[in-house]
Amino acid sequence: NPEHLRLGEVTFPPFEPSDGGYVTADAGGYQVLLDFKGIGTVPSFSLSQLLSGKIAPQVIQDKVVLIGVIAESVPDLFHVPGGQVIPGVALHAQVVGQLLRAGLDNESPIATVNDTQEVLWILLWSLLGALVGLWVRSAWHLSLGLVAGLLVLTGIVVLCFWEGWWIPAFPPGLAWVLSSSLLPAVALKRERTERKALAQLFDRHVSREVAENIWRHRDKFLLGGRPRPEKLTATVLFMDLQGYTSAAEKLDPPALMDWVNSYLERMAQVVMNHGGVIDDYAGDAIKANFGVPIPRTTQKQFQEEAHNAVTCALAMAEELGRLNEFYKGQGRPTVGLRIGISTGNVVAGSLGSSQRLKYTTVGDTVNVAARLESFEKDLFRAQGPLSLLRILIDQTTWAYTENRFSMEQVGELVVKGKDQPVIAYRVVGPMEGASKGS
């Protein structure tokens, strides 16, 4: 630009309002950025030294000499980079020195980026901050990342300044902090919402280990903050109290509720101890699922969940015996258990409104388990340690667990709602000598 100031090969572009670290600064006249190189190294002499002849002629020969006042009583002091305060004449010396270096040594003045480059520079740090925010989840690691990024930014700005470039530091630093912090904040809010939703669905119905496993795998089955409906293979268990009706007639309402709750609480704890997910309570009955909500995909996993369900049923008998002994000593009623177990395909998902959701399973497998539990309620009232427990399982559950439990075939049972009869088996107890992994 022919209007720009030139000294030899060096051009001094005029200062613009947003050059370097400035924002809407006063750019009137023809201002240039000073580099302040050699600040404090310009020799100075007092007027008395000059008049007394103490200054040798060669000291000022062929030099630019500036005359000014440096007395502290004269308000002619200026703050300059580095935290120094210098008199106005020294500031003029910096201007002269920079002009001489440009004209004699072709030393370019401080350069600045244009508006487009500055915007790209800020966007770059915004993007880097966003990547850090997406990658880091720990508050401690995020803090370290923020500090490290600011240190790197400061180092780059300082190095560029030494090389003659003044690039802004505060805007990209602010963009770095905000983008790094905003995304984790949004993710944290979403995570809290999802955790709250999962807690409402599962925390009171599963063990701590199962709850943590559900949370770790939430991305696999959450959709819009609620479990996505999916078809999977699971083992469904229905449990109901045998003898509840007659016992209920002997107790007043408060005692009845306390009595039922004690049984259900013990049975629910047994379910959770065996990795089951309690689906629903219906009066004195419990519905539980094994193999949800994280889908099982291999035959070994299907076998393990079926084994867990049958083992859970037998553990209920042991807990029932202890609880019955306690109530028998108090002269209160005792009960038995009817359990139906079926393994197969189910559709799992959440039902209800956004305020009241329920995670449940539906399908033919659920219906079979319910029918097995309620089938001929007075059937198999045998004597012995399991006289108060009746466990009926379908053929699929039997196939997954036949080598682990002692069973007897009941035969084909006509289950309401099914065209084909169900081959049912009664679980007698653990198979002698069977190992957990057999």
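Helices (H or I, at least four residues) and strands (E, at least two) are DSSP runs, numbered from the N terminus. This is a predicted model, in which local features need pLDDT of at least 70 and side-chain atom pairs count only at pLDDT 80 or more, while totals for chains, interfaces and linings use all residues. Residues are numbered from 1 along each chain as its sequence is written, and side-chain values use heavy atoms, with hydrogens and water left out.

**Backbone geometry**

- Phe36 lies in the loop between β2 (10–12) and α1, and its phi is near 55°, a positive value in a residue other than glycine.
- Asn106, in the loop between α3 and β5 (111–112), likewise has a positive phi, near 55°.
- The peptide bond from Val292 to Pro293 is cis, with omega near 0°; Pro293 lies in the loop between β11 (285–290) and α11.
- Most residues other than glycine have a negative phi, and most peptide bonds are trans.

**Pockets**

- On a 1 Å grid over the protein atoms alone, a pocket is an open set of points with protein on both sides within 12 Å along at least five of seven lines, whereas a cavity is a set where a 1.4 Å probe fits but cannot get out; lining residues have an atom within 4 Å of a point.
- Grid points are joined across faces, edges and corners, and a volume is the space filled by probe spheres set on the points.
- The largest pocket holds about 1100 Å³ of space. Of the 32 residues that line the largest pocket, Val42, Pro43, Ser44, Phe45 and Leu66 are the closest to its centre.
- At least two residues of the lining of the largest pocket come from each of α1 (47–51), α2 (57–60), β4 (84–87) and α3 (88–105). The largest share, seven residues, is from α3.
- The lining of the largest pocket has 22 nonpolar, eight polar and two charged residues, where Ala, Val, Leu, Ile, Met, Phe, Trp, Tyr, Cys and Pro count as nonpolar, Asp, Glu, Lys and Arg as charged, and the others, Gly among them, as polar.
- The second largest pocket has a volume of about 440 Å³. It is lined by 18 residues, of which Tyr22, Val32, Leu33, Leu34 and Phe36 are the closest to its centre.
- In the lining of the second largest pocket, α3 gives the most, with three residues; by class this lining has 14 nonpolar, two polar and two charged residues.

**Cavity**

- Of its lining, three residues are nonpolar, four polar and one charged.
- β9 (230–242) gives the most to this lining, with three residues.

**Helix pair**

- Helix α10 (residues 253–273) packs with helix α11 (residues 299–329) at an angle of about 150°, with their axes 9 Å apart. That makes α10 roughly antiparallel to α11 (angles over 145 degrees count as roughly antiparallel).
- Axes are lines fitted to C-alpha atoms, for helices over the stretch in contact, and angles run from 0 to 180 degrees between N-to-C directions.
- The contact (heavy atoms within 4.5 Å) includes Trp259, Tyr263 and Met267 of α10 and Met316, Leu320 and Tyr327 of α11.
- By class, the contact of α10 with α11 has eleven nonpolar, two polar and three charged residues.

Methods:
Parallel < 35°, antiparallel > 145°, perpendicular 65-115°, else oblique.
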